Each structure stands twice: as structure tokens, then as C-alpha cells.
Amino acid sequence: MLAQPIRIAPGREQNRRFLNAACIGLLLAYFLHFALPALRAGFGEDEMMNLYFYWFPGAFRSIRANFCFWSISYPQRPAGALYYLPLYYFFSLDPLPYRIVQISILAATIPIFFYLARLLSGSRTVAFLVTLAMCYHQELANLLFSGSFIYDVLCGFFYFAALTYYVRIREQGVALHAGQLAIFLALYLCALNSKEMAVSLPVIVFIYEVLKYPRIHDWKQFALRNWSVAVPALIAGLVTAIFIYAELNSAYSLAHLEAYRPVFSWHRFTLTNAHFINELLYDSASRIGRAVLFAWPVVFLYAFWRRDRLLQLMAFWVVITPLPLAFIPARGSAMLYIVLFGWAMIVARMLEEVIGLVGRVVRLSAPRTAMLRTLATAAVAVALAVFTQWQSHRFNRTRDLMNSGQKSLHVIQAFRSLNLQPAPGSAIFLKPETRFYQNPYYPTFVASLVWNDRSLRVYVAGQQQLTQEQIANMNYIISFNEFSAQLVRAAESNRS
């Protein structure tokens, strides 16, 4: 069952808080073991594009978009502006502060995982194992080593913060008052503004509420007595419906792009979810994912047979949370962040039940059963940590992710080596010696951010239809490659 509020003696409460703090401290240390190398990561190519898309329209427009969820406009995913713009303002294009903040957000999510799992399960064993699984997964390494995945990081933080805040209040047996509802909705909007996969939260909240009342014989009485607890889910659902409508009908919608265009079919649903599961199991080519997918009914049947509301909620979780991604071309990696929590909760709860069953079979006393639970939890935790470390060395994706972030640092340094600050309003023509980047506008993004002047008009050879006369009238012509840049020509009026 979901945890019920229990009155605890002051001395015991102090011990409980100490143990919780010790668990969180250990989990944070484990997380930092994998996270600290990410401080050396640079900027990915997509990150230059992301930063440019908030920098160009300016802070006011980018921040205002966070409040206008009913109108998807430029820039998209506006919560990213709250991350990118302050860092750019204070630290320009130094990657270290960006990586520190990204790691810090992930670290701040760890106690939220622990507290949420503890609230839902009433078990420190489950909470510890779930949070350990959430700390690091090799297939989610992009969350740490790739700045362009900041949207997943922010979405996960606000999603779980909103759910934890909601569950904490409801587990006390009270409904949210107006101020608490406003905080819950604000956190949810931040999650929505970070990434579209947050749309599943109102459904999870609604199912959580339904499962609190498993035996309802008189729906009329239920509606009269409990309508107030449904208000947060209904309002959040209304916000979600407006958001989805705007997302699908906006000229700026990602759904217009081929890579994000949904295909609503059973085949796409099963294919994508099997892919998710295989990624979590470190084998994207296996058939395990499809086998587990068709075992979903077994999970539901077991959860309802056991009358375990935690397992019931998580059975719905692993079906519902992938839905925002289930009908678009296959995604994986960091996008599994929210999905992983549900599977981790299911496995941790079943492990706890197995440990309890062993204690009952061998007829251990309560103290010995507690000792068995502690030792078994420690053994499982160590095994998971060793396995994660082994998989990290086996795949060694972090090295590739680290190397991919160095290119932008080289290009930034190349433009800075010119010691040039173009005159306001200048037209600049960039001539790449070789095509070493994917996005054709990548040089425009980097050069604009290096010079930090929105009045500049930056063109890239081969991307715009320019006449020879227009090129001849450019104020600056710059030839460059990944490691160096050269001022080919500057108009006389621009020479220092």
C-alpha cells in the first residue's frame, strides 16, 4: 500500500532523520563519483544553437514565454532561458559554470527521488534502491556530459519536485489549499516549459488519487466528499490540454519536423516502448524489451492481486509516462529519465517482498528480519553499483561525449583569437575552409555569441543566396576552420 502517516516518538524521529540524511549523503557521493568528470565537458553543437535561440530574441521575450503556455511561440521550451541567459550574462562562453549548474540540478533531484519513494512506499529500503538506480545509468550519461540535454534535466527536476510536493501534502490526509495549488501548478508549468514529456504528470496525479479510494460503492457520495482533492489534477489537466493544442497547432511546433512527427499506431507504440526497456537493460538490439512489454498485464494483475497501491501506481506509471515519446521516431538515452523511476520502484518493491518472504520462511525474529533487510539491501546496492561501474567502463560513452564538446571550444577560441569586435550593424561573411559541423548555421551561432551584438548580420558561405556584389560589400570576410580563423578582409572604415 501507499505509505500511511504514522506518529513517531521524538527520539525515534531524530534517528529516522539521521538515517535518511546518511542515505542521501551516501547517494550524493555515489552520484558525484560519476558526475565530477563532466566538469571538463565543453559545449555540444546543439548547445550553441539552444543558447543562440534565447540570446537573439532577448531576455524579456524569452522569459515572458514561460508564462504563456497557451501560445507556443519562439523561443520554444522557454524554461531553458532561465538556465542559459544568466550563465551567458555572467560567464559568457566559459563551459565550467554551465556544467556546475547542470550537475547541481541533477544532484538536487536526488533527495527528491529519495523523499518521493519514501512517501509512496513507506520503506527506506525501497527509497534507497530506487534513488541509487536514478543516480546514474550509462544510457542516461547525456544528462551529465551533454549540455544540450539540459531540457531533460530541468524537466525531470520540476516534474519530480511537483509530484513530491503534491504527494507530501496528500499523504498528510489534507487537500491542497489555494497557495499550495499555485505552487504545484507553478512547478508543473516549469516542467512543461522545459520539455513536452511532462504532460503525463496530471494523469499520474489523478491515478494516485483514484488508488487512494480502492473500494467505492457510492460514486455520488464519493464525488460530494472528495471533489476537492480532484481539483489539482483537473486544473493541471486543463493546462495540459491547452498546452497540447497550442503545441500541435503552433507554427513553431516541433511536431512539424519529421524527427518529431507522431505516428499513432500500435506498432509504433510497442516498438518505442520495447526500445526504452532495452536501453534501460543496456542492450538496444535484444528482444527482452518486447517480452517485458507483453508482460505488462502480469504486472497489473500482480499489483491488484496483492492490493499494493504502490505497485498499482507504478504499473500505470511505466505505461503512461512514455506516452509523450511513444509515437514519435525512436528516442532513448536521457529521455528515459522519468520512465526509469517507475521500473526502479517496481523492482525495488519486489526485492523488498522477496527479502520479507525469506524472513518469514526461515521464521526469523523481528530484529533478525530487520538485520536481513539491511544486509540484503546493502548487497543489492553494492551489486548494482559495481554493475553500473562495469557498464560505464564497458561502453565508455563518456569519452565520446566529452570529445564532442571540445569542438565548440576550439571554434570559440578561433574567433576570439582575431581580437576583433565588429562595429555595430556590420555585415560579416564567414568562409569555412572545411565543413566540420552538422548544423549549417552553427558558425553563425558561435560567432554571434562570441561578439554578443544582435545588430550584426552574420552570413555563412553556401547558406544564403548572395551575389558577388553583396559579398564584396561585406564589412568583414573571415576564413576559419575548427582551430583557427583569419581576417581575409575588412572594409577601410572598420579597420582600427
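How many helices and strands are there in the protein chain? The chain has 22 helices and four strands. Keep in mind that this is a predicted model. The protein chain holds 496 residues, and buried residues make up 53% of them. Now take the contacts between residues at least 6 apart in sequence. Of these, 77% join residues at least 24 apart.

Start with two helices, H8 and H9. Helix H8 covers residues 150-170, and helix H9 covers residues 178-194. Their axes come within 7 Å and cross at roughly 160°. Angles over 145 degrees count as roughly antiparallel, so H8 is roughly antiparallel to H9. The crossing of H8 and H9 is left-handed. Which residues of H8 and H9 make the contact? H8 brings Tyr151, Leu154, Cys155, Phe158, Tyr159, Ala161, Ala162, Tyr165, Tyr166 and Ile169. H9 brings Gln180, Ile183, Phe184, Leu187, Tyr188, Cys190, Ala191 and Ser194. Sort them by class and you get 16 nonpolar residues, two polar ones and no charged ones.

Next, turn to H5 and H6. Helix H5 spans residues 95-121, and helix H6 spans residues 124-135. Their axes come within 8 Å and cross at roughly 145°. Is the crossing of H5 and H6 left-handed or right-handed? This crossing is right-handed. From H5, the contact uses Ile110, Phe113, Phe114, Ala117, Arg118 and Ser121. From H6, it uses Arg124, Val126, Ala127, Phe128, Val130, Thr131, Met134 and Cys135. By class, the contact of H5 with H6 has ten nonpolar, two polar and two charged residues.

Now look at the aromatic rings. A search of the whole structure finds 34 aromatic pairs. One of them joins Phe53 and Phe445. Why is the pair of Phe53 and Phe445 edge-to-face? The ring centres are 5.8 Å apart and the planes stand at 75°. Planes over 60 degrees apart count as edge-to-face, so this pair belongs in that group. Phe53 lies in helix H2 (residues 45-55), and Phe445 lies in helix H21 (residues 442-451). The pair links distant parts of the chain, with the two residues 392 residues apart. Phe53 has 30%, so it is partly exposed. Phe445 has 6%, so it counts as buried.

A second pair takes you back to H8 and H9. Tyr166 in helix H8 and Phe184 in helix H9 are 18 residues apart. Their rings form a tilted aromatic pair. The distance is 5.2 Å centre to centre, with 45° between the planes. Tyr166 and Phe184 are buried. Both residues also belong to the contact between H8 and H9.

Some rings gather in a cluster. Phe113, Tyr159, Phe160, Trp317, Tyr337 and Phe341 form one aromatic cluster. Two of these names have come up before. Phe113 is part of the contact between H5 and H6. Tyr159 is part of the contact between H8 and H9.

Finish with Glu45. Where is Glu45 found? Glu45 is found in helix H2, the helix that also holds Phe53. Its relative accessibility is 13%, so Glu45 counts as buried. Set aside its neighbours within four places in sequence. Glu45 is then in contact with Lys407, Ser408, Tyr437, Gln438, Asn439 and Tyr442.

How values were computed:
Residues are numbered from 1 along each chain as its sequence is written. This is a predicted model: local features need pLDDT of at least 70, side-chain atom pairs count only at pLDDT 80 or more; totals for chains, interfaces and linings use all residues. Side-chain values use heavy atoms; hydrogens and water are left out. Axes are lines fitted to C-alpha atoms, for helices over the stretch in contact, and angles run from 0 to 180 degrees between N-to-C directions. Angles under 35 degrees count as roughly parallel, over 145 as roughly antiparallel, 65 to 115 as roughly perpendicular and the rest as oblique. A crossing is left-handed if the near helix is turned anticlockwise from the far one by less than a right angle, and right-handed if clockwise. Contact means heavy atoms within 4.5 Å. Ala, Val, Leu, Ile, Met, Phe, Trp, Tyr, Cys and Pro count as nonpolar, Asp, Glu, Lys and Arg as charged, and the others, Gly among them, as polar. Rings of Phe, Tyr and Trp (its six-membered ring) pair if their centres lie within 6.5 Å; planes under 30 degrees apart count as stacked, over 60 as edge-to-face and the rest as tilted. Buried means under 20% relative accessible area, exposed over 50%, partly exposed in between (1.4 Å probe, protein chains only).
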